[in-house]
Amino acid sequence: MTEGRITEWLTFDNMHHQWLLLAACFWVIFMFMVASKFITLTFRDPDAYSAKQEFLFLTAMPDSGKLQGEQQFPEELKPTGKVLSDGQLVQPLVYMERLELIRNVCRDEALKNLSHTAVSKFVLDRIFVCDKHKILFCQTPKVGNTQWKKVLIVLNGAFPSIEDIPENVVHDHEKNGLPRLSAFSDAEIQKRLKTYFKFFIVRDPFERLISAFKDKFVHNPRFEPWYRHEIAPGIIRKYRRNRTETRGIQFEDFVRYLGDPNHRWLDLQFGDHIIHWVTYVELCAPCEISYSVIGHHETLEDDAPYILKEAGIDHLVSYPTIPPGITVYNKTKVEHYFLGISKRDIRRLYARFEGDFKLFGYQKPDFLLN
């Protein structure tokens, strides 16, 4: 082979390799572009991504506080992805977690005496019925219940709007058109408990007790004289340590009464007036009744529209306007009211309401107990 032919063949071979290298580069670039396009198409829909991410979170998130085999959620509790009227996507995970927490605490044998109660007439008297829209609402006083009663009164057709309801009618159960679940037969009660949308609202248990004390024994805005003239003297006679003290009932007296393991004999004398300070367990039996939603007073701005939406009534009525800051937990106020009360009395109070703290995820008030 001549030198010229060898040179020509080497030149051709080099060009062939260069073309192959160039083609390979183009192929890599092309595949990268296709892959990028695929990734863009897959994650362009934020709602679809959010739903997928939430499903993974629900099924794969480790939770040391849950029992083995409890990662699957019942069909009725799966995320709905519903949208509020202002376009905000509701994230139902927090509401599912609340229900899951209740189920776990209810199974805790160590807390059984604090989390379980019979579905007695006392409980059924607390549950208001809206048959027209298949709703049951359990009353938990001092947690914004007046406003929820107004919502149900309108839904039951007693008044055309919340603004039209006279304040003296809201709590008059002969005029407000709100039947109690206890008014129905056993069969009708069971039917409603199984098929209706059921909810109630909670707040920090100690802050609720402060609100009850202020409302009934200090301000008493609805003029209910029996709290000051009958109930308060009964508490003072049994629980005031300084017998020479002549002031009206103090929060310290109230705390001793509520924390006394033998408080029930006095409760019987007070009758249904105790609904303003007994536990959520005693009021609504959350371990015996399977509620659809548990709202929290501290997040009512989000929870109220969510409850209306889930109950299917958001197009019929709105929750009354919530004054700014009124639902925020006030630790300073709690510290102020418990100032000067013995640790022993506070611990006894917590022992009674521990079930409420655990069931609804409220932090143990160590700043008061230790």
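Start by selecting C130: this cysteine is buried, with a relative accessible area of 0%. Keep in mind throughout that the model is predicted.

**Stop 1: the first bridge**

Now select C106 and C287. They form a disulfide, with sulfur atoms 1.9 Å apart. Look along the S-S bond of C106 and C287: the torsion is about -90°, so the disulfide is left-handed. Zoom out to see what is joined. C106 lies in helix α3 (residues 93-106), while C287 is in the loop between α13 (280-284) and β4 (293-296), so the pair ties together parts that are 181 residues apart in sequence.

**Stop 2**

Select C138 and C284. Their sulfur atoms are 2.0 Å apart, and the two residues form a disulfide. Which hand does the disulfide of C138 and C284 have? The torsion about the S-S bond of C138 and C284 is about -95°, so this disulfide is left-handed. Again the link spans distant parts of the chain: C138 sits in strand β2 (residues 135-138) and C284 in helix α13, 146 residues apart. C138 and C284 are both buried.

Show both bridges together. The count comes to two disulfides. With bonded cysteines counted along the chain, the pattern is 1-4, 2-3.

**Stop 3: a loop residue with positive phi**

Select A285. It is found in the loop between α13 and β4. Check the backbone: phi of A285 is near 50°, a positive value in a residue other than glycine. Most residues other than glycine have a negative phi. Is A285 buried or exposed? At 0% relative accessibility, A285 counts as buried.

**Stop 4: another positive phi**

Go to K142, in the loop between β2 and α6 (145-155). K142 is not a glycine, yet its phi is positive, about 75°. K142 has a relative accessible area of 18%. The cut-off for buried is under 20%, so K142 counts as buried.

**Stop 5: a helix pair**

Finish with helix α9 (residues 205-219) and helix α10 (residues 226-239). Their axes come within 9 Å and cross at roughly 115°. Angles from 65 to 115 degrees count as roughly perpendicular, and α9 and α10 are therefore roughly perpendicular to each other.

Show side chains at the contact. From α9, pick K216, F217, V218 and H219; they meet Y227, R228, I231, A232 and I235 in α10. Color by class: the contact of α9 with α10 has six nonpolar, one polar and two charged residues.

Conventions
Residues are numbered from 1 along each chain as its sequence is written. This is a predicted model: local features need pLDDT of at least 70, side-chain atom pairs count only at pLDDT 80 or more; totals for chains, interfaces and linings use all residues. Side-chain values use heavy atoms; hydrogens and water are left out. A disulfide is a pair of cysteine sulfur atoms within 2.5 Å. Helices (H or I, at least four residues) and strands (E, at least two) are DSSP runs, numbered from the N terminus. Buried means under 20% relative accessible area, exposed over 50%, partly exposed in between (1.4 Å probe, protein chains only). Axes are lines fitted to C-alpha atoms, for helices over the stretch in contact, and angles run from 0 to 180 degrees between N-to-C directions. Angles under 35 degrees count as roughly parallel, over 145 as roughly antiparallel, 65 to 115 as roughly perpendicular and the rest as oblique. Contact means heavy atoms within 4.5 Å. Ala, Val, Leu, Ile, Met, Phe, Trp, Tyr, Cys and Pro count as nonpolar, Asp, Glu, Lys and Arg as charged, and the others, Gly among them, as polar.
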